[in-house]
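Here is a short tour of one model, written for someone who likes to know the cut-offs behind each term. Please keep the structure open while you read.

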Amino acid sequence: MLLKVLPVGLLSVNCSLIVDEGSGKALVVDPGADAQRIIRELENYELVGIVATHGHIDHVGQVKTLKERFNVPFYMHPADTFLIDDPIWHGFEKQIGANLPCPEPDIELKDQMEIKLGDTTLRIIHTPGHTPGLCCLYEEKSKTLIAGDLLFRGGVGRWDLPGGDLNALRNSLRRIFSELEDDVLVICGHYEETTIGQERKFNPYLRQLL
Ligand SMILES: [Zn+2]
Ligand SMILES: [Zn+2]
């Protein structure tokens, strides 16, 4: 698997391009803004799907543009559909670089579902808390977790937004930290990457939550 992480938009959302090198098939995760840059990066690959880790506008803002350009299915957990056309964002599309309304998902993510790109398999782990539908993508061979806003370097996702739930977040974090080993690379929804081991040792929120 080849992974390219592009920070996009005002809020620096980490948009991930996951490429299966053998087949050239690619998946884009969280195309929140900067669609033209994402399209340029996809030039040599065959895009086969668009995934949103969750329904916040900064993560789904350019799903519409990419769907129209490539005509591929959009995957998201159905519990987040209520977020994708939240009226609080109306009028702010330009500032956040979004093309709204985001379309509804064509394929609903669910826990333990697998998305296959040639020889690369991504397993879905449903980890609610930041939003009810937040899903991580895990690639076993490279031990890479795309975590959306579940976990950050030194932090965790906020639980005070609509649909947020502290208890659910705590259970999701417990699950991730019991299932995954310390050398798993974590691509967070914003800012720097980290590892499970680094967060297990140094993340002050986890000490309180786990
Ligand atoms: Zn979010
Ligand atoms: Zn976010």
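Helix α5 (residues 166-179) has 14 residues, and from its first C-alpha to its last it reaches 20 Å, close to the 20 Å expected at 1.5 Å a residue. That expected span is 1.5 Å times one less than the number of residues. Helices here are DSSP runs (H or I, at least four residues) and strands are runs of E (at least two), numbered from the N terminus.

This is a predicted model, in which local features need pLDDT of at least 70 and side-chain atom pairs count only at pLDDT 80 or more, while totals for chains, interfaces and linings use all residues. Residues are numbered from 1 along each chain as its sequence is written, chains are lettered from A and ligands numbered from 1 in the order in which they are written, and side-chain values use heavy atoms, with hydrogens and water left out.

Back to α5: which of its residues are buried? They are Ala168, Leu169, Ser172, Leu173, Ile176 and Phe177. Buried means under 20% relative accessible area, exposed over 50%, and partly exposed in between (1.4 Å probe, protein chains only). Seen down the axis of α5, these buried residues fall within an arc of 160°, so they line one face of the helix. The arc is taken over the directions from the helix axis to the C-beta atoms.

Now to the metals. Donors are N, O and S atoms within 2.8 Å of the metal (3.2 Å for Na, K and Ca), and sites may look incomplete because water is not among the atoms.

| Ion | Donors | Distances | Spacing in sequence |
|---|---|---|---|
| zinc ion (ligand 1) | His54 (NE2), His56 (ND1), His130 (NE2), Asp149 (OD) | 2.1 to 2.4 Å | H-x1-H-x73-H-x18-D |
| zinc ion (ligand 2) | His59 (NE2), Asp149 (OD), His190 (NE2) | 2.0 to 2.1 Å | H-x89-D-x40-H |

The site of the zinc ion (ligand 1) is irregular, with angles of 92 to 170° among its four donor atoms. For reference, four donors count as tetrahedral if all angles lie between 85 and 135 degrees; four count as square planar and six as octahedral if opposite donors are over 155 degrees apart and all others between 65 and 115; anything else is irregular.

The zinc ion (ligand 1) and the zinc ion (ligand 2) are 3.4 Å apart, and aspartate 149 coordinates both. Histidine 56 lies in the loop between β4 (46-51) and α2, and aspartate 149 in the loop between β10 and β11, so this pair ties together parts that are 93 residues apart in sequence. Aspartate 149 is buried, with a relative accessible area of 4%. Histidine 56 also counts as buried, at 12% relative accessibility, and so does histidine 59, at 0%.
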